[in-house]
Amino acid sequence: MMLRHRASRFRPGAVLATAALALGLLGSGAAAAAESAAVISPRVTATLLSSRDTVAPGERFRVALVQKLAPHWHTYWLNPGDSGEPTRIEWQLPAGAKAGEIDWPAPQAIRVEPLVNFGFEGTVLLPVEIAVPNDAKPGETFTLSADATWLVCEKICIPEEGSFTLDLAVGPAAVVDQAAQERIDAALAALPKPAPFRGKLRAEGENLALELPELPAGASDLRFFPISDTLIEHAADQPLASGEKPVLTLARSSAFKLQQPELTGVLTYREGGELRAVTLAADAEPALLTASGTAAAPPAAVRIPVPAEGADLTLWAALAFAFAGGLILNLMPCVLPVLFIKALGFAQIAHVSRSEAREQGLLFLCGVLATFMLLAGAVIGLGALGSQVGWGFQLQSPPLVIALAVVMVLIGLNLIGAFEIGGSAAGLGDGLASRGGRLGTFMTGALAVVVATPCTAPFMGAAMGYAVTQPPALALSVFMALALGFAFPVVALSFAPALLSFLPKPGRWMLVLKQAFAFPMFATAIWLIWVASVQTGPQGVLAALVAVLAAGFVVWLVGVTRGTVPRRIFGSALAVLVALGAGWFTVQNAVPGATTEARAGDVEAWSPERVAALQAQGKPVFVNFTAAWCITCLANERVALSREEVKQNFAKLGVVYLKADWTNRDSRIAKALAEQGRAGVPLYLFYPGRKDGQAEILPQLLTTDTVIAAATRAAGREKTATAQP
């Protein structure tokens, strides 16, 4: 490994001290040459260990993520058991290099009453094979970078993460680090070996029977750890019935699901007092596959009777809710800035041409309908293919968020007169009747929909939840009703002469109003850049600012190169190059990352396992499904969830607050939303403090009284509302 150092200023009076320090550093560096800097917390010390100091082109070698755990703390195996999350590693390797999967050691059953987790205590090495590309050149540096996440638990669980880097030299031949190689070899030797026999799984009453032919005589203390987490009750005992064919009795899971005729797992047992582990494959009898053909349904949610959450909607009710939700969506702050543009257009032509106003209203409607149907089709189509997406999914793409911010800035610059589209300022009204004006009206409708999707208005949640559970034709009809409600105010204004007659005649006030409308556009751009910063960190902000700068330069360049054909060609070519360069820079730097939002107070990260563990401990749980691009979510945070009275009641009632942040794409959050009949955020759930207790769904618009009342019910201080029929 290559040592990285920074040159220091030479001081003659410290020659001996410097030489001694250098020797000490070289000696310590050589001792730890194959191990990265440690990531340390009070619970875990983690490093990345390499079996090589120097790698050779085309070779395969092993590294290992080493976790040294504090006493009584544990991390998790591939199947974590009743709760938990396995360690995950994401690699950034040189071009052509490849990393294999984690070679999982045999787990142990860790009892945390009343649960049993499958994981590791003490020190655990997680080996991974790395393949060096054949074209690696001696003298180069082979840099291994890894981002690892793990959940470490005792009585409480804390998610942790670390970034690790190792710089290994590339040489004509590999140089083995003997100490590291011995540690990794010992970990590989302890991995479960393939069992010399196959098992057979069959039903036995309410339980499962796992036949183990050729099990060594005298084997004791058996435990089977299945890879699937929907097979057995992990906390149940596994008694062994000896005989010609030893049989291990397993308690069937209440969420039993087996879709393949073969199951795999790890079997541990003691033989002669020594613990052994083997990987076991077993054949399942066909009856088990038939019984597991339908996945266990998620627990039904308890809904408080409020109009916005109408349970068991009919198609007509869903259509009515969708239309009403579309109407209300026009009042959302993410939509109003775009509608200002349309209002200005009507003010300009209301007293000139009623037919033109109607035409523009219909074009706006077409833009809204086309974009709604495109997004709805994507949600429905991807859902049918098994991809977990939801409403507003496009704003989980940082490059698209930045592109929208650029559009908002350009609209704002156009409104204040920095540049004009389709003619001079004097011809602004005439331009609306041109081909460009028609296209602009259509695109205004499309843009309004794109920026509206982060908002979920009242009535929309129930309607969209109904839509995504229906056949495509019915689902599209609900989204069509939503689009019609959204476009209705603009279309009604364009077709109502009485309303148009109230608009004042054109004058200087229109120029002032036009310029004033630029500032909501700039405010929306600021919000979108903030969303990008939450998704990607500082590099996302840099990408957004570069994109805005490039867009401004392009429109300026196009303006100053008007005139002769050569000037226009030169200006257009240079503008295209600048736009392509800025686009490439944006895509490269606007990379989604793990959300690193600081936790406020006692807010924890959400996971289904964490909810189950807290309920098993008798604690009520509040889950906030949210996203940085969701305006309704942010409003509820300010109005209700961040209020001191809510925090005090949570503390008094022992409520644990979990946040499911959907700012970046997360298939587990999308799946959880779908299980609750939702296609987007916000979603607020209150789980009672008892195992397997049903969740209560709160309204999409929160008040402090609503949240406190729900907390009281979840804590058992008030009778919980029953589910609606």
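Reader: In which sense do β20 and strand β21 pair, and over how many bridges?
Author: This is a predicted model. In it, β20 and β21 (residues 274-284) pair in the antiparallel sense, over 10 bridges. Within this pairing, R270 stands opposite L275 in β21.

Reader: How many residues are there between β20 and β21 in the hairpin?
Author: There are two residues between them. G272 is in the turn and has a positive phi of about 65°.

Reader: And how does strand β17 pair with β20?
Author: Strand β17 (residues 220-226) pairs with strand β20 (residues 262-271) in the antiparallel sense, over five bridges. F225 stands opposite V266 in β20.

Reader: Changing topic: how many aromatic pairs does the structure hold?
Author: It holds 14 aromatic pairs. One of them involves F225 again: the ring centres of W77 and F225 are 6.2 Å apart and the planes are at 75°, so this pair is edge-to-face.

Reader: Where in the chain are W77 and F225?
Author: W77 is in strand β5 (residues 75-81) and F225 is in strand β17. The two are 148 residues apart, and the pair links distant parts of the chain.

Reader: Are W77 and F225 buried or exposed?
Author: Both W77 and F225 are buried.

Reader: What about F622 and Y657: why is that pair called edge-to-face?
Author: The ring centres of F622 and Y657 lie 5.2 Å apart with the planes at 70°, and planes over 60 degrees apart count as edge-to-face, so the pair qualifies. F622 lies in strand β24 (residues 621-626) and Y657 in strand β25 (residues 656-661), so the pair ties together parts 35 residues apart in sequence.

Reader: Which residues form one aromatic cluster with F622 and Y657?
Author: F650, Y684 and F686 form one aromatic cluster with F622 and Y657. F622 counts as buried, at 0% relative accessibility. Y657 is also buried, with a relative accessible area of 9%.

Reader: Now the surface. Which residues make the nonpolar patch of about 290 Å²?
Author: That patch is made by F553, W556 and V560. W556 lies in helix α15 (residues 538-560).

Reader: Finally, what about the whole chain: how many helices and strands does it have?
Author: The protein chain has 21 helices and 27 strands. Of its 725 residues, 48% are buried. The accessible surface comes to about 34100 Å², and 62% of that belongs to carbon and sulfur atoms.

Technical notes. Residues numbered from 1 in each chain as written. Predicted model: local features only at pLDDT ≥ 70, side-chain atom pairs only at ≥ 80, totals over all residues. Heavy atoms only, no water. Pairing = 2+ DSSP bridges. Helix = DSSP H or I, 4+ residues; strand = E, 2+ residues; numbered from the N terminus. Buried < 20%, exposed > 50% of the residue type's maximum accessible area, 1.4 Å probe, protein only. Areas by Shrake-Rupley, 256 points an atom, 1.4 Å probe, with all protein chains shown as cover. Patch = residues over 30% accessible without salt bridge, like charges linked within 9 Å, V, L, I, M, F, W, Y side chains within 5 Å. Salt bridge = Lys/Arg side-chain N within 4 Å of Asp/Glu carboxyl O. Phe/Tyr/Trp six-rings, centres within 6.5 Å; stacked < 30°, edge-to-face > 60°.
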